[in-house]
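Let's take a walk through this structure together, one packing arrangement at a time. Have your viewer ready so that you can follow along.

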There are 4 protein chains.
Amino acid sequence: MPGNSFGYLFRLTTFGESHGKAIGGVIDGCPAGLSIDIDFIQRELDRRKPLYPGSTERKEPDQVEFLSGILNGKTIGTPIGYIVKNLTAQPADYDELSNLYRPSHADYTFEKKYGIPGHSSVGRASGRETVARVVAGAVAKLLLKISDIEINAFVSQVGPIIAETDLSGADLSTAVRAPYGCLDSNIEKQIASLIRDAEAKGDTLGGTVTCRIKGTPPGLGDPVFDKLQADLARAMLSIGSAKAFEYGLGFQAASWKGSEYNDQMTAKDGKVTFLTNHDGGIQGGISNGEDIIFRVGFKPVPSVKMPQSTVNRQGEPAEITIGGRHDTCHIPRLVVIVESMAALVLADHLLRNSLSRTG
Amino acid sequence: MPGNSFGYLFRLTTFGESHGKAIGGVIDGCPAGLSIDIDFIQRELDRRKPLYPGSTERKEPDQVEFLSGILNGKTIGTPIGYIVKNLTAQPADYDELSNLYRPSHADYTFEKKYGIPGHSSVGRASGRETVARVVAGAVAKLLLKISDIEINAFVSQVGPIIAETDLSGADLSTAVRAPYGCLDSNIEKQIASLIRDAEAKGDTLGGTVTCRIKGTPPGLGDPVFDKLQADLARAMLSIGSAKAFEYGLGFQAASWKGSEYNDQMTAKDGKVTFLTNHDGGIQGGISNGEDIIFRVGFKPVPSVKMPQSTVNRQGEPAEITIGGRHDTCHIPRLVVIVESMAALVLADHLLRNSLSRTG
Amino acid sequence: MPGNSFGYLFRLTTFGESHGKAIGGVIDGCPAGLSIDIDFIQRELDRRKPLYPGSTERKEPDQVEFLSGILNGKTIGTPIGYIVKNLTAQPADYDELSNLYRPSHADYTFEKKYGIPGHSSVGRASGRETVARVVAGAVAKLLLKISDIEINAFVSQVGPIIAETDLSGADLSTAVRAPYGCLDSNIEKQIASLIRDAEAKGDTLGGTVTCRIKGTPPGLGDPVFDKLQADLARAMLSIGSAKAFEYGLGFQAASWKGSEYNDQMTAKDGKVTFLTNHDGGIQGGISNGEDIIFRVGFKPVPSVKMPQSTVNRQGEPAEITIGGRHDTCHIPRLVVIVESMAALVLADHLLRNSLSRTG
Amino acid sequence: MPGNSFGYLFRLTTFGESHGKAIGGVIDGCPAGLSIDIDFIQRELDRRKPLYPGSTERKEPDQVEFLSGILNGKTIGTPIGYIVKNLTAQPADYDELSNLYRPSHADYTFEKKYGIPGHSSVGRASGRETVARVVAGAVAKLLLKISDIEINAFVSQVGPIIAETDLSGADLSTAVRAPYGCLDSNIEKQIASLIRDAEAKGDTLGGTVTCRIKGTPPGLGDPVFDKLQADLARAMLSIGSAKAFEYGLGFQAASWKGSEYNDQMTAKDGKVTFLTNHDGGIQGGISNGEDIIFRVGFKPVPSVKMPQSTVNRQGEPAEITIGGRHDTCHIPRLVVIVESMAALVLADHLLRNSLSRTG
């Protein structure tokens, strides 16, 4: 069943297992004439690399190789195919586990679905699959840049440490350079320390990523099933380990009264402004021109280096202790992935919106 | 831009504005031979009717009329077309407002998108559009019933009142009969009182709906973009006023450690069981056979009967007080809509899953 | 399995069986602001009515009723839902045949597919289904008219009578008013006579329809799978009884040499012209600005009023003589259907083409 | 605009320009557990190689490299990504032509569409793109083989030489081994001679390919827009240089009477048989179990080595003589491409059909 494509007009199809030859993708629908800044794309890829203490020891060069769709630095309207080779796969790490289901991993469900034992198809469930998303997200960002749409995410929580941030007007570019993806250097230190402790115990940590999209013109999104927030929610929940999504006031909105919640409006010299942005920049499924703000919650990586109760493929109880190379905390690496998926959604709806009216 | 279809194999396309002639839909992809219990479908439709104090005074009979796809009480493999007529539309209620944007409504964004002034296309953003979803969701439920998949939702929060519920093994059928859709009669009373107070002030209330899906076989969902939770998230965020979605532990998972969070497994007589269900029944995007549990957060209906600051279509500041017929609290009416959208997702993935393997 | 939608950006979904309550459709993706000339749409519907000697005696009023998507005579960007009621269905005509498969009809194949005996789902295979196509095609024509794209088809063959026509510069509007849809009144008379003879014998006749699309700008169509001719071919072969499609020189091109076939070019005052139009207005899957010309071949209606050898549902040999109301020759009624399907393809690609380039 | 995918359930997405690094594809939707015979796939690729006198001098090794989706010789349910490298691209051949539009090529239309001068995006319109189709078609054939569906095509016409063949019961496997893809060695000789003559003059030749699909169970295809013949027609017309498609009696059916045309039925021992197969194995858009037979017409390759009148990019008249490496007659190379596209359609509908009924 086809399930490896994303987007209607700016459409990404991906392939590749963690332990196969390569991860790759095809971007179909990117307009001709877009300047492709390969260095920028490579830098985006580098942002998901495990460079901080507490990230996996699997270090891939992750050089993207474009195979089609670009000539003399510009898109030519044909599909953009690309691959990123897997150079350091160590399937042997997995062999000893191949008879045991790793708890809260996809081993059990993939086997039930595809009928194939062992760590075969489950290599598709690896975080490594997101390499293909980041490349396409970077191309989408280049398209969005023409319309001055800018997307920035940052780590807003790791374990119990929560960064309270007033996003209105904040400069989010600092998060890009922070090893743990935070806006605040104090929070950054606390998180570094927390991750160090967890790593020492072989444990793992979850967290949240918050994202702000600036510069969206009013009109992006469709009224019913393809509401902008619906597509963003799907995009975010399609990221492995994501458990929750909210935009604007999110779950808090449930306890507010309409009279307090509503984003009232005013105008000066014909320019409309909103007194608040509780709706997070989207009303009726369509952007209103305010910042789009959303938050994504992630569970900890399930690969803990501690004994856990599980079951083997013969249906007998067993104990498992997972070795191999894994992140203690993957949240900082998710920042660019959240941005990339948001960029894919926005690029798609930017193209869609050009079709709203005749003439 | 087409944005009014939902689902890949069990596919719903809807149409109709709140103040037009009818709301309708086409279900394409329902297998032949499914018994259609019209009474059940009508009862589902009745569940979204505004029958409790604090719901809108617009009372529509909401009789579904099937036009195709069913013969002698069974589906015949052709598309199922249906309409529900709008009999009590009062466009006059809206005329006086047609020069003002209602705060936190879709008036402003729709006009920016479609270039059409007045309450025209925005009739598509009305909650009335969900009539078409409930009919299709009811058909999906009939299909799921064959595989013993059962979906139950209930009101888990209105304003500050939160129902704490242990869902494992709970009988959720009582919520269907409770006017405010709660499991607990005490909570029900508190909510009734809260809504009464808000109604007296012309204010509105938000809340949350929690949903449990029982009986899902392992294997539903696809690995990458079409993860089961991604499709559920999209489905829920496509409901008007939804602001947030989480499944399993949801946002809480962000603060847990992997060693505590992981759903460890055991087996007895070859039957696999999970010691916990923090993952909410989905791992790697695919159902694991446990209960699928998720929660959706909704903002209050924006139509408050109190003066609000806004802007008119000429871009001048103005004041608006919204009259007409509106819900003080729409959360109880959302229960069946949440179930319906979940049913559409599950029916789609049930059909998809039959294609996973050869032979 | 969903199979009742057509188009990617200008998207039609249809429903309805010949002997059910109504035929209907939903147009999703029509831009807002398009003026809808209801009289024109009704006139298009009238063109497929059986008004000439030799057409079925089933006479339906075929009044289209729009349910959504249009306000004050203009589209508003939301889906356009519509129905055309079936008022003169006579299911009894079919009862006596319900245990026999009509030769070259869909009875046998539908039963094998859907497992349902009798003339149930096969009502979807009726020519009456095209009512929904004509309504949508008429809306598409209105959209194309803004870009000065004009579509005209005519009957170019019935049985052995073939109309040889030089299409370059011909006025095709006369075919609209001719009872049998021909350009030439002499051919029209021969066809009338041929149909009269066949009717007297209870026999039926096939034929071809030729179509010309004027005013297409260069650039419509996509390079690989969605070539303009590929979508036109699919559109035409999706019409019941169609057996063949060719564009430009068509099958004749197989016997030509490249040096004679190629459409050489020249220019005058910077304006490019083609010396010939053997390619029929499409090169590399994309329109070149010349007239798009294609031809569709149709088999005779299979409902002959003569005894035929067949099989009953018990798998025994039997004889069948089909009564009821059927066309002796349906080719003249196909003219507007060919045009409608072409209009759907062109409207779709017109919208697609606006996405080809940045800026 | 995405236009590089084909199929709904067995879904192929391709990429790659003739003069770029590689041609590639992603097959999404192939069920897990299918044995992949790499040698067979490579042999299929070899069938489209230019090995006969009169074919292009560009000789590519065309080794397929699978990057994902296959493990231990079997599909694992994840997308199958693959590439075939372009090793002998000679862009210099094209440089001198880059200011002139080649007649009946895609140069002019691509430039009008994408706004990019030169032979850039037009590399996507090259016959080399079909490499990706053949790989996917071979995988589809392996899937069809499980259900005993067999697809064979052959050259039925080159220029004026037409092979008259009775297909019922014929052994079509000989065409695979014939250099020019014919069934009859006498025809083969005539074609060889014809091509030699054309080559000497720098001219090119068109032709037709006929295809037979054996073993299709009744029930494949959908009733309205996705009729089996509609999808086959689209598949065939999506092949570069294809101008025409017909199935069963095709255009001839237009001149037949219903009483002679209809495929009457009989039965023996409960087994239904058809007395004729004028419908070509499809009725009402759905296969009836008889052989599916269709024919595709192709124009000559437009690259003739003779002076032609054309226009340059400045809009001035010019003369062009095309050099480089091109086929004098590409029809024999199209045999495997026709089969491949037919295999993609059949595999898609085979999967679709499993969803027709409940239980």
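This is a predicted model: local features need pLDDT of at least 70, side-chain atom pairs count only at pLDDT 80 or more; totals for chains, interfaces and linings use all residues.

Start in chain B, with helix α1 (residues 38-47) and helix α4 (residues 130-146). Their axes come within 9 Å and cross at roughly 135 degrees. Angles over 145 degrees would count as roughly antiparallel and those from 65 to 115 as roughly perpendicular, so α1(B) and α4(B) are oblique to each other. The crossing in which α1(B) passes α4(B) is right-handed.

Which residues make this contact? From α1(B) come B:F40, B:I41, B:E44, B:L45 and B:R47, and they meet B:V131, B:V134, B:V135, B:A138, B:V139, B:K141 and B:L142 of α4(B).

Now turn to chain D, where five strands form an open sheet in the order β1-β2-β3-β7-β4, with antiparallel pairing. At the edges sit β1 (5-6) and β4 (64-66) of chain D, each of which pairs on one side only. Strand β1(D) runs antiparallel to β2 (residues 11-15) of chain D, and two bridges join them. To find this pairing, look for D:S5, which stands opposite D:T13 in β2(D).

Helix α4 (residues 130-146) of chain D lies across β2, β3 (22-28), β4 and β7, and runs at about 140 degrees to β7(D).

Note on methods:
Residues are numbered from 1 along each chain as its sequence is written. Chains are lettered from A and ligands numbered from 1 in the order in which they are written. Side-chain values use heavy atoms; hydrogens and water are left out. Axes are lines fitted to C-alpha atoms, for helices over the stretch in contact, and angles run from 0 to 180 degrees between N-to-C directions. Helices (H or I, at least four residues) and strands (E, at least two) are DSSP runs, numbered from the N terminus. Angles under 35 degrees count as roughly parallel, over 145 as roughly antiparallel, 65 to 115 as roughly perpendicular and the rest as oblique. A crossing is left-handed if the near helix is turned anticlockwise from the far one by less than a right angle, and right-handed if clockwise. Contact means heavy atoms within 4.5 Å. Two strands pair if DSSP finds at least two bridges between them.
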